[in-house]
Amino acid sequence: AAAALEESLGLRMVLFGETHPGLAAGLCSLGVQYFKLRRLADAQAALEKGMAVVRSNHPTEKTVTEGHLLLRLGEVLRRGDRCQEALAMFMRARRAFSQTLGSDHALVGASVGCA
């Protein structure tokens with residue numbers, strides 16, 4: 001699955017450019033696949049690239065995609081025994097979900113529960 005995602009993302013980057021908003025979700029999916037394969041450095045790199053795409057398109061506002069990327073980054077950092085950094089990512093994810101979906105949304109609680 002990771003190889004297919006890599007190929008798909010590569011094609012989309014060529015066709016639409018490296019900051020196309022649709023790439024962020026694909027990079028999040030790729031990060032998840034790398035995480036499942038225990039390729040933590042690759043997972044972190046894909047998720048951070050996804051964050052860069054989100055920030056280039058939404059420099060000041062929070063998005064749901066940003067929340068998902070931050071939550072996944074937290075999981076990668078926690079798996080790598082980087083607990084303080086993971087907690088910071090979980091809290092950032094919580095803020096993004098709270099600001100975009102409302103404080104009562106299940107993802108707000110999920111982002112806290114993962115910490």
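1. The core. The largest nonpolar core of this predicted model has 28 residues, and those with the most contacts inside it are Leu 27, Leu 30, Tyr 34, Leu 47 and Leu 69. The elements that give two or more residues to this core are helix H1 (2-16), helix H2 (23-36), helix H3 (40-57), H4 and helix H5 (83-101). Of these, H2 gives the most, with 7 residues. As background, nonpolar side chains tend to be buried together in soluble globular proteins.

2. Leu 27. When residues up to four places away in sequence are not counted, Leu 27 touches Leu 9, Met 13, Ala 46, Leu 47, Lys 49, Gly 50 and Val 53. Leu 47 and Leu 27 are both listed among the core residues with the most contacts inside it, and the two also touch one another.

3. Helix H3. This helix has 18 residues and reaches 26 Å from its first C-alpha to its last, which is close to the 26 Å expected at 1.5 Å a residue. Its buried residues are Ala 43, Gln 44, Ala 46, Leu 47, Gly 50, Met 51, Val 53 and Val 54, and the buried residues of H3 pack against H2, H4 and H5.

4. Gln 44. This residue lies in helix H3, and Gln 44 counts as buried because its relative accessible area is 16%, under the 20% limit. Leaving out residues up to four places away in sequence, Gln 44 touches Leu 73, Val 76, Leu 77 and Arg 82.

5. Glu 66. Apart from its neighbours within four places in sequence, Glu 66 is in contact with Met 51, Val 54, Arg 55, Glu 61 and Arg 92.

6. The cysteines. Cys 28 is buried, with a relative accessible area of 10%, whereas Cys 83 is partly exposed, with a relative accessible area of 48%. How many disulfides does the model have? The count comes to 0 disulfides, where a pair of cysteine sulfur atoms would have to lie within 2.5 Å to be counted.

Key. Residues are numbered from 1 along each chain as its sequence is written. This is a predicted model: local features need pLDDT of at least 70, side-chain atom pairs count only at pLDDT 80 or more; totals for chains, interfaces and linings use all residues. Side-chain values use heavy atoms; hydrogens and water are left out. Buried means under 20% relative accessible area, exposed over 50%, partly exposed in between (1.4 Å probe, protein chains only). Contact means heavy atoms within 4.5 Å. A nonpolar core is a set of buried Ala, Val, Leu, Ile, Met, Phe, Trp, Tyr and Cys residues joined through side-chain atoms within 4.5 Å. Helices (H or I, at least four residues) and strands (E, at least two) are DSSP runs, numbered from the N terminus. The expected span of a helix is 1.5 Å times one less than its number of residues.
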